[in-house]
Structures are given as C-alpha cells and as structure tokens.
Amino acid sequence: MKKDRLVLGHEAIGVVEAVGSGVELRKGDLVVPIVRRGCGVCLNCKVGRQDFCETGNFVEAGIRGQDGFMRDYFVDQEVYMVRVPPQLREVGVLSEPLSNVVKGVEELFTLQRRTLWTCEDSTFQCRTAFVIGSGPIGLLFAMTLVTEGFNVAVLNRRDPNEVESKVTEAIGVKFEKLGDGLPSPDLIVDTAGSPVTLLKLLSKIKNNGAVVLFGTTSGEREEISADLITELVERNILVVGSVNASKEHFAKAVTYLSLWHDRFPEALRTMITSEVKPEEAGEALRSKTKGEVKTVLRWSQ
Ligand SMILES: [Zn+2]
C-alpha cells in the first residue's frame, strides 16, 4: 500500500525497552537499527545483502517505503538490530553513516586484490588517498582510511571550518584546498558527487589507482572525453560506485567506533556538533548552524 506520509530518520541509536519470546536482545541493550530491508525475492536480499538488491524493490526506513526512527518508540525485528557497547552511547549514532563507509572501503580492498597494492612493508603507508568533501561521510572515510594506514588528505573548494580543522587535526590528516599543486593520489574517494571536481583529479591518479564514488548530487554537468576513457583503460584505473551497507558493515562500524573511542575521542566528540530536543528539531533543520556535522535529536535521557 502506498503511504502518503513517512516518519523520517534513518540514523539512530536506541535502548531496548521490551522484547518478545525467542529474542536474544535484552531490555536495556543499546542498539542501532539497520536501514534497508530486502525485496524478499532476489538472492542477495535472501542472504542479508540487500545492499546489493537486484530488483530494486527494497524499502529503507525513514527514506522510502518504511517509517524511520525519528520517534519515541519503534517496534522492529531483532534481525535488523545491531548491538552497541555501552561506552558508545553518545557516538553510536554514527554507526549508520559509518556502515556505508565501511562497505565502500571493503569494496575497494576486494577489488584492488587485482594487483599488488600494498607497500614494500605490507602496509598502505606509501599510498595517498584523497577524500573529496568534508561532510560527515568525508570525515568518516578519512578516519577509516587513516586507520587502515593510508596517507589521507580531505579536499574541499574552501578552507576548513573550525569543526573540520579540529577533526582532521585530531586524526592526523591534511585538509587541502582543491586546485593545482596537489600530489598524485593512489585513491580518490568522492563524497561530493561533483563531476567537475572529480574529472579534474581523475587524470592525476596514479597507475592502478582506484576511485570510489559515494557522493551524489544533481544538476552539475561535465563531459567525459574519449581520451579520458583511453587513459582509464591504459592505466588500469578502477572506478566503483558504492551505496548502502549490510548488517555486517554495521557491526564493523561499531568495531571502528570502539577503536576510535580510545584513539580519536576528540574527533568523535566533535562530529556530534549539537543536540536538540524533539520540539526544537524543526528550528534546528531550518537554521542549520555553520560547521554542523551531526545534530542529534534526543528523545529521552
Ligand atoms: Zn532484492
């Protein structure tokens, strides 16, 4: 049945209040709900990989076809819940955006097995990654790639704001302004979806390099030339689009957050730029503060 209204909110963390019979979760457990629910028909969905749904007939809580989590309570199946340790109570809400990042990085590693991509010492320390865009997803990609051992630079058209400076400094990555004079990267992760920006950088990428496309936008146009296609072919450049995440990636996101809770506590805290009550949500949405990364809507204490 087509719904004419939808409860928004797909990034959430909650506390289990009650469980039915046969459920392993317990009252008081902290959980993060996963967003996409499969079509029930294709093989990927049947094995919990609805992030690779073949029919496209999936629903996404808070986005399309299913109510989201911007409410006091919701009832859901245990299979769609990922348990979060108590110490991540404040930052566990980042699990959902981070799950998408974890999947993107996993795609990258899976596909780059086509070549020897590690350095002589078996790490990625000789590899440079450019992350285009410094929004929440860009910063989470930077944190993940730094954790995996890459040299990372976050790129934007403008100078960093205070929050971006704080986060990039805390995790030890550079914030660079887009333009000439940038070195050649081994990896480009695009979180901005700007074809103009991407194409400028694409010709600079090193041989056997990889491009992960994550960002989407609309309206901007850029032409792809035959020369560029030739270059991508001749230089073995990988280009992969990645969207959504499976439950496994949510679980891995929780593992990264647990690690960063100790390693990058300041960066994690800074990512949550403000917290508002439900009745303040409308105003918070209308008057987005400058430098906002994530605003948390807290339903109860
Ligand atoms: Zn499917």
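Buried means under 20% relative accessible area, exposed over 50%, and partly exposed in between, with a 1.4 Å probe and protein chains only. The model is predicted: local features need pLDDT of at least 70, side-chain atom pairs count only at pLDDT 80 or more, and totals for chains, interfaces and linings use all residues. Residues are numbered from 1 along each chain as its sequence is written, and side-chain values use heavy atoms, without hydrogens and water.

View 1. N100 is buried, at a relative accessible area of 8%. N100 sits in helix 2, residues 95–111 (helices are DSSP runs of H or I, at least four residues, and strands are runs of E, at least two, numbered from the N terminus). Beyond its neighbours within four places in sequence, N100 contacts F214, V243, N244 and A245 (heavy atoms within 4.5 Å).

**View 2. The zinc site.** C39, C42, C45 and C53 each give an SG donor to the zinc ion, at 2.3 to 2.4 Å. Donors are N, O and S atoms within 2.8 Å of the metal (3.2 Å for Na, K and Ca); water is not among the atoms, so sites may look incomplete. The spacing of the donor residues is C-x2-C-x2-C-x7-C. C39 and C42 are buried. The arrangement is tetrahedral because the four donor atoms subtend angles of 101 to 121° around the zinc ion (for four donors, all angles must lie between 85 and 135 degrees).

**View 3. Two domains.** The protein chain divides into domain 1 (1–84) and domain 2 (98–241), with bounds from an automatic or database domain assignment. Their C-alpha centres lie 30 Å apart.

Definitions and conventions:
Tetrahedral: all angles 85-135°; square planar, octahedral: opposite > 155°, others 65-115°.
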